[in-house]
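Okay, I'll keep this brief. Have a look at the structure on the screen, and then I'll walk you through it.

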Amino acid sequence: MKYKALLFGSIGTLIESSNIQRNSFNEAFKEAGLEWYWDEQDYKVLLKKSGGTKRVEDFAEKNNTNVNATKIRNRKTEIFSSFIIKNKQKLRPGVYEIMKYAKENNIRLGFSTSTTINNVNAVFETLSGQISKEDFDFIGNKSFVENEKPHPEIYRITLKNLNLKKEECLAIEDTEESSNSAVRAGIKCIAFPGEFHLDDKFDMCIKKINLLDQSIFSL
């Protein structure tokens with residue numbers, strides 16, 4: 001087996017989260033007294049840029065509005081985390097099986113995310129009974145990095161923590177922006193697009209799939 005670790009890169013590689021994230025932003029806007037509403041098409045375009053704070057800042061500038069983008073993003077995160085904890089989510093297709101296969105074949109598992117620790121904790125809480133933090137050899141979060149994705153920092157930190165070389169790891173990402181993070185770190189990346197990214201090309205990835213299976217380890 002040429003790969004020694006499989007790295008899940010984002011919350012969206014574990015659960016289908018795009019629409020929940022969008023609804024959480026809209027609720028945060030409403031609470032902030034903003035007459036903003038991101039429909040699915042709006043959000044698909046906004047997702048071309050990584051980072052919720054940056055999306056809010058850019059949208060505010062476009063609409064000539066002064067807002068506290070960080071405060072809105074933080075409130076959105078609270079709403080998102082609360083929702084997925086209250087409403088149990090299911091793993092995306094093939095995730096459980098590929099994790100089981102990896103562990104049976106001594107392939108280590110990483111969660112190379114640069115999201116907040118609250119989001120990370122919420123994901124594992126909503127997935128309790130399916131997977132747990134103990135399944136992973138490394139779990140990242142925003143506190144590990146100065147630069148969020150698509151910067152490769154979180155992947156470099158993952159490699160350092162796992163004491164592995166870039167060619168020994170395979171990453172899974174759900175967006176083009178996050179895929180660029182892995183590729184810029186020199187790690188081969190599988191595109192496992194979420195529902196808002198199905199039409200994206202993922203030219204930087206070695207393969208684009210809708211269902212995870214063990215064949216990825218032969219790529």
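**Aromatic pairs and the overall fold**

So, let's start with Trp-36, which is buried, with a relative accessible area of 11%. Keep in mind that this is a predicted model. Phe-59 counts as buried too, at 16% relative accessibility, because the cut-off for buried is under 20%.

Those two rings form a pair. The ring centres of Trp-36 and Phe-59 sit 4.9 Å apart with the planes at 75°, so we call the pair edge-to-face. And the pair links distant parts of the chain: Trp-36 is in the loop between α2 and α3, while Phe-59 is in helix α4, 23 residues apart. Both also belong to one aromatic cluster, along with Phe-25, Phe-29, Trp-38, Tyr-43 and Phe-196.

Okay, next pair. Phe-111 and Phe-136 have ring centres 5.9 Å apart and planes at 40°, so that one is tilted. Here Phe-111 comes from strand β2 and Phe-136 from the loop between α7 and β3, 25 residues apart. Phe-111 is buried at 0% relative accessible area, and Phe-136 is buried at 8%. In total, the structure holds 15 aromatic pairs.

Now let's zoom out. The protein chain has 9 helices and 6 strands. Its radius of gyration is 17 Å, close to the 17 Å from the globule rule for 219 residues, so the chain is as compact as a globular protein of that length. Buried residues make up 54% of the chain.

Methods. Residues numbered from 1 in each chain as written. Predicted model: local features only at pLDDT ≥ 70, side-chain atom pairs only at ≥ 80, totals over all residues. Heavy atoms only, no water. Helix = DSSP H or I, 4+ residues; strand = E, 2+ residues; numbered from the N terminus. Rg over C-alpha atoms; globule rule 2.2 N^0.38 Å. Buried < 20%, exposed > 50% of the residue type's maximum accessible area, 1.4 Å probe, protein only. Phe/Tyr/Trp six-rings, centres within 6.5 Å; stacked < 30°, edge-to-face > 60°.
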